[in-house]
Structures are given as structure tokens and as C-alpha cells.
Amino acid sequence: MKADMGTGPTPPLDLSTQFTMNELRRENSMLRNQLANLLEHAHQNQQIMSRHQDFDLRLISTSSFRELVENIFSTLAKMSELDIVTLGLLDRQKGLQKIVLDLNITPEEFPALFFVQNELDLRIHGEQLRKPVLGVFNQADHGNMFASSEKKPASVAIVPLIRQNKLLGYLNLGSFQASRFNATMATDFIEHMASIIAICLENVINNERLTHMGLTDPLTNVSNRRYVEQRMLEEIGRARRQQYSIVCMYLDIDFFKQINDRYGHQGGDDVLIEVSNRIKAELRLSDTMGRFGGEEFVALLVDASAEDGMMVAERIRKSIAERPFQFHQMGSCQATISIGVSTLSESLNYGKIDNVARELLQDADQALFRAKNQGRNRVCEST
């Protein structure tokens, strides 16, 4: 009977073979761990890339300055786990700041947004940046960029926003971790983000400027009738939701035709410009004022009582009556203004907003009519 060749005991492996197999197992386990780490890292990178792509698309789709700035300060900070984000914009002629004020964007809404007129204020070591600069926070170099933050960052990335070789401003990123930003880090990703933000900034600023031109009186550079009427509807709706009163003032320069006849249209234009400046000087940033046509102006005081309205109107009247108006070429003249004041209280703010706005304006106009009939250069309140 032949022996069964397949049922005998397996001969033991020699020690060298066992050692080699154990090494292979360890190496195989290490490779599996490395592969798992690489896959996890790739997955994390994919998630980061996806978030940034979503952020890029969100920026590109923004159509207003406020929405863009909100995304930069909130979405970018959250997505990139940044402790501080500030934005400094170059505004040589203060035109952008004027638009921002007309958009009713106050410094309190975006304290990390600031403007500079001179690009020297945006230089590091006396030089204008063309590339991002990363490193440890230094008060002398970076203090102006993070002036709005009580707690200063440990490390920063100062990112110039450049469009068509023109500096728009700096995007300033801060972290409380000293190791977050350092000079040896690659900046390709940050530069890509900066280019997207610069394009979007230029786009929304141009759009806001076009809108501003359509809603601004070209002579006095204050808002026009269309803008005031639009804001009146918005403010009435907001006052209704937040339960506060609004004051409407209707203002008209006295005997303006005589000023035009005596001093010419240039003299009349000079008076209109200065009157608008003096009115605006007595109002808050949250208030709205515009030229309604000819020598008429309308102002809206938000969250103000009837007493507040009468007090402000009287200040405006005095500011115009008590100081002569200097002409652009030569000479000067005196001018006065009559003002009608109406108030929309919380208890009367109901019904269709269009009708409420029309009645508020009509009440102020009727009060102005009484001021004219009572001798001009006076303030009258609606009854």
C-alpha cells in the first residue's frame, strides 16, 4: 500500500523564512496604514477644494457690495478657520465711501472694513505688495491692518488684491496660532483666492457705481427723488417690523428764483450745492436726504420722534439762514429755507406701505405750505 503523500505533517519553516514573512506582514500593514492616511488626506483635500469651489461660486454670484463683504468676513473666516479677517480698500477720492454710506452700510455693521485714501497706508516696509506676505504678526508692520481687533493675531497673511495691475486693497488674514502662517508656505492657493475676490470686488463696485449714478443728483451729489422714494418704502417697512417712528422733512429754499435772476444760474447752482451740504451735515449716517427737484429737498430721519424732527429741522434752518453763501466765482448772498415736518408713529404705521409713504410725504408738504404762507424761513409741523 502506497503512502498518502498529501496527509503528512507540514515541515516547519526555517527561522529565516519566518523572519522574512513577519517583515512582509509588518511592511504590508504599514503600507495599508499609509494608503489609508493618503486616502483620508485626499478626502480631506477634496472636501477643502469643494468648500473653496463653493465659496468661489458664491462670490462670483454676488451682485451687491454688502453681500460680497458679508461673504468675505463670515463665509471665508468660517471655511478657512480664520480668527480674524479684515479688508482694507483704496479709495483715493472717497467715492466708494460715499456709495457705502448711501447703501446705509455703517462702520458698526462691518468694523473690519476700512478705507484709505493713500496707498502709502497699505505698504509693508515702505513697499507696495505684489504678492502675499505671510509670517508672525508685527504691530509696526501689521497694526493698521488689524486695528479693529482688540486681540491681535499671532500670525498673518497680508494679501494684495490686484486687478488689471491696479491695487484695490489688501485682504488681511489672521490666526491666533503662531504656526498657521509662515514665510515658507506656498501662496498659490491664497493668490488664486485673492484674484477671485479682486475680480468680484471690481465687478460689484462698478455695479454699485452705475446704480449710484442713476440714484444721485448730478449737481448736488446727493440722492435723487427716485432713491428717496425707494428708501422711504424700505424704511417704513423696517420701522413697522422694529416698532419705531420715522420723521419726514420737506425743505424748500425761499425765493430761489430771485437768487437765479440776480446771480445767474451758476450762483443758483452754488447755493443748491451748499444748501444740500448744510442739510446733510445736520443728519446722521442712518438718515436719508435727497433733492426732490428744483430747490426742494426731502429728508428721512429713522427711529426719531416728532420732537427730534423739529429740533433737527430748526438746526438746518439756522445753519442756512445764519451764514452767507459764497459763490464759486465771486461774491456771496443770503438765503433761507422753509421746512415742513411730519411724523409716522408706530401706532399709525399700518396698511399698504405705498399709501403710508404717500400720506407721510403729503403731510410734510402741507406743513411746508403753511411755513411758506406764514412768512418763510420757518419750520412747521403737520397737524
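Let's start with strand S8. Six of its seven residues are buried, so S8 is largely enclosed by the rest of the structure. Buried means under 20% relative accessible area, exposed over 50%, and partly exposed in between, with a 1.4 Å probe and protein chains only. Helices (H or I, at least four residues) and strands (E, at least two) are DSSP runs, numbered from the N terminus.

A word on the source. This is a predicted model, where local features need pLDDT of at least 70, side-chain atom pairs count only at pLDDT 80 or more, and totals for chains, interfaces and linings use all residues. Residues are numbered from 1 along each chain as its sequence is written, and side-chain values use heavy atoms, leaving out hydrogens and water.

Now the sheet. Five strands make an open sheet with mixed pairing, in the order S7-S8-S6-S11-S12. Two strands pair if DSSP finds at least two bridges between them. At the edges sit S7 (288-293) and S12 (379-381), each pairing on one side only. On average, neighbouring strands are turned by 20° against each other, direction ignored. Axes are lines fitted to C-alpha atoms, for helices over the stretch in contact, and angles run from 0 to 180 degrees between N-to-C directions.

Back to S8, residues 296-302. What joins S8 to S7? Five bridges, in the antiparallel sense. Gly293 has Glu296 as its bridge partner. Two residues lie between the strands of this hairpin, and Gly294 takes a positive phi near 60° there. S8 also runs antiparallel to S6, with seven bridges. Here Met249 stands opposite Ala299.

Next, the helices. H6 (residues 225-242) lies across S6, S7, S8 and S11, at about 140° to S7. H7 (residues 256-281) packs on the sheet and touches S6, S7, S8 and S11. Its direction makes about 155° with that of S6. Contact means heavy atoms within 4.5 Å.

Last, H8, residues 306-321. At 1.5 Å a residue, its 16 residues should span 22 Å, and the end C-alpha atoms are 22 Å apart, which agrees. The expected span is 1.5 Å times one less than the number of residues. Buried residues in H8 include Ala306, Gly309 and Val312. Their cover includes S6, H7, S8, S9 (325-326), S11 and S12.
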